[in-house]
Amino acid sequence: MTIDLDAFFASCEELRNPELIGTPMGVGFELNGRGIVTTANYAARKFGVKSAMPIFKAKQLCPDIKVVAPDHDYYQDKANEVFNVVYKYSKIMEIASIDECFIDVTKLTNKYTPLQIAQMIKNDIKKKTDLTVSIGISTDLLLSKMASGMDKPNGITTLWIKELKDKLWPLPVGDMYMIGCKTSEKLNSLGIETIGQLANLKNNHELYKKTRKIMGVNLDKLINEANGESKREIEDVVSQLKSLSKEETFGTSLTDIESILREMRKLLKYAYERLQYRKLNANSLHVFIKVDKSFKRLSVSKRFDRKDNDWDSIWSIAFELMSSNFVEGMSVKQIGVGFSGLKEGERVYEQLTLDSSQVENIPHLQSIADDASWSVHEDVFIGSTMNDNRRYEDKRLIDRDQIKFKIWG
Ligand code: TTP
Ligand code: MG
């Protein structure tokens with residue numbers, strides 16, 4: 001099955017801002033009258049607004065369109081919620097993009113029909129996340145991908161081999177997954193307009209020979225795909241990941257260690273959450289920066305025990321790597337963090353809530369502070385009174401003159 005979220009970024013925005021539902025809306029970043037809509041809700045699509053359309057064009061088609069700025073972290077969180085639901089149904093799963101995954105549900109077909117399985121997954125996603133998906137079902141992965149787009153939004157479509165003739169073959173050849181404009185133009189110029197003509201090309205020996213000369217071995221692959229014989233396997237989410245990293249390039253270079261650490265922590269948190277979500281443990285962390293003038297990449301890393309995969313340990317390693325390698329005067333254009341030596345393991349970090357915390361347990365408090373900091377996008381420092389009336393204060397408090405938040409245990 002291919003599971004693809006409907007109008008994903010736009011649906012996420014509607015979720016946290018219900019008055020947007022039903023009014024035309026696109027998600028995009030507008031700067032000095034330029035920018036594109038990454039996606040639009042279905043109310044805007046009725047006017048012809050599409051993904052990757054310039055905002056000025058979207059406004060011409062739909063003058064009332066509301067343009068909302070994108071919030072990738074939020075979308076990634078929502079996508080992870082959805083993938084967590086899907087993962088319960090099958091561990092053979094590949095996350096193909098921010099809003100799409102492939103799963104093999106063959107095992108479940110002992111008990112349920114494919115349509116029942118798809119309906120169950122769909123209902124479960126709706127119940128847990130309030131988002132809708134479209135699902136494509138087939139015996140071939142690429143066909144399931146094609147099927148997932150055939151009845152959007154909120155649809156379930158099968159594309160069995162016996163249905164190819166009616167459902168897939170009448171479509172233009174450019175609609176085939178992974179056939180880009182150039183290839184479809186080439187095929188069109190040879191008189192191959194539909195996926196069906198491509199699928200049956202070998203029956204027309206002359207045309208096949210001519211096309212094969214122009215397109216090479218790639219043509220045979222495309223013919224197989226159009227016949228549902230792609231043999232594309234699901235790539236296991238874990239095994240394809242030898243390392244896991246996250247980086248960001250900044251419009252304005254960062255020159256002070258405080259903002260560098262702050263940005264690094266956001267990236268680390270993101271990468272760490274992905275590690276947790278995939279139930280992986282790492283034994284190495286690397287931190288890298290690109291420096292403005294030379295654009296040289298500086299990378300430092302540290303190995304550690306897989307037991308030490310809790311957030312506090314990881315953060316302190318990253319903190320130490322960065323602060324001991326930063327040199328005053330550096331102008332940092334890009335920061336990245338990455339985990340390697342990944343191995344499947346148990347989830348070691350749990351989201352803590354204030355009432356489950358133990359005041360005297362400083363490392364836990366640090367997690368809470370980190371979570372709070374993450375939510376409010378400000379530094380959060382800890383000060384606490386210990387059982388024996390000793391006072392504990394975060395070291396970093398000492399030379400700070402502006403403290404915005406404090407948690408007192
Ligand atoms: P898609 O699944 O292609 O689109 P969609 O989910 O918005 O709509 P559909 O109902 O047809 O599936 O892409 C997923 C998200 O990726 C989309 O919501 C916005 C983002 N995106 C971009 O940022 N840039 C792009 O060029 C495209 C096509 C999508
Ligand atoms: Mg989608």
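**Magnesium site and second largest pocket**

The model is predicted. The 6 donor atoms around the magnesium ion (ligand 2) subtend angles of 77 to 176°, which makes the arrangement octahedral.

Reader: Which residues coordinate the magnesium ion (ligand 2)?
Author: The contacts lie at 2.1 to 2.2 Å. In sequence the donor residues follow the spacing D-L-x93-D. They are Asp-4 (OD), Leu-5 (O) and Asp-99 (OD).

Reader: How many residues apart are Leu-5 and Asp-99?
Author: Leu-5 belongs to strand β1 (residues 2-5). Asp-99 sits in the loop between β6 (93-97) and β7. The pair thus links distant parts of the chain, 94 residues apart.

Reader: Is Leu-5 buried or exposed?
Author: The cut-off for buried is under 20% relative accessible area. Leu-5 has 2%, so Leu-5 is buried.

Reader: And is Asp-99 buried or exposed?
Author: Again, buried means under 20%. The relative accessible area of Asp-99 is 14%, so Asp-99 is buried.

Reader: Which elements give two or more residues to the lining of the second largest pocket?
Author: The lining holds 21 residues. Asp-104, Thr-106, Ser-138, Thr-139 and Asp-140 lie nearest the pocket centre. The elements that give two or more residues are β7 (100-103) and α6 (141-148).

Reader: How many residues of that lining are charged?
Author: The lining of the second largest pocket includes 10 nonpolar residues and 6 polar ones. The charged residues number 5.

Reader: What is the volume of the second largest pocket?
Author: This is the pocket lined by 21 residues. Its volume is about 430 Å³.

How values were computed: Residues are numbered from 1 along each chain as its sequence is written. Chains are lettered from A and ligands numbered from 1 in the order in which they are written. This is a predicted model: local features need pLDDT of at least 70, side-chain atom pairs count only at pLDDT 80 or more; totals for chains, interfaces and linings use all residues. Side-chain values use heavy atoms; hydrogens and water are left out. On a 1 Å grid over the protein atoms alone, a cavity is a set of points where a 1.4 Å probe fits but cannot get out, and a pocket is an open set with protein on both sides within 12 Å along at least five of seven lines; lining residues have an atom within 4 Å of a point. Grid points are joined across faces, edges and corners, and a volume is the space filled by probe spheres set on the points. Helices (H or I, at least four residues) and strands (E, at least two) are DSSP runs, numbered from the N terminus. Ala, Val, Leu, Ile, Met, Phe, Trp, Tyr, Cys and Pro count as nonpolar, Asp, Glu, Lys and Arg as charged, and the others, Gly among them, as polar. Donors are N, O and S atoms within 2.8 Å of the metal (3.2 Å for Na, K and Ca); water is not among the atoms, so sites may look incomplete. Four donors count as tetrahedral if all angles lie between 85 and 135 degrees; four count as square planar and six as octahedral if opposite donors are over 155 degrees apart and all others between 65 and 115; anything else is irregular. Buried means under 20% relative accessible area, exposed over 50%, partly exposed in between (1.4 Å probe, protein chains only).
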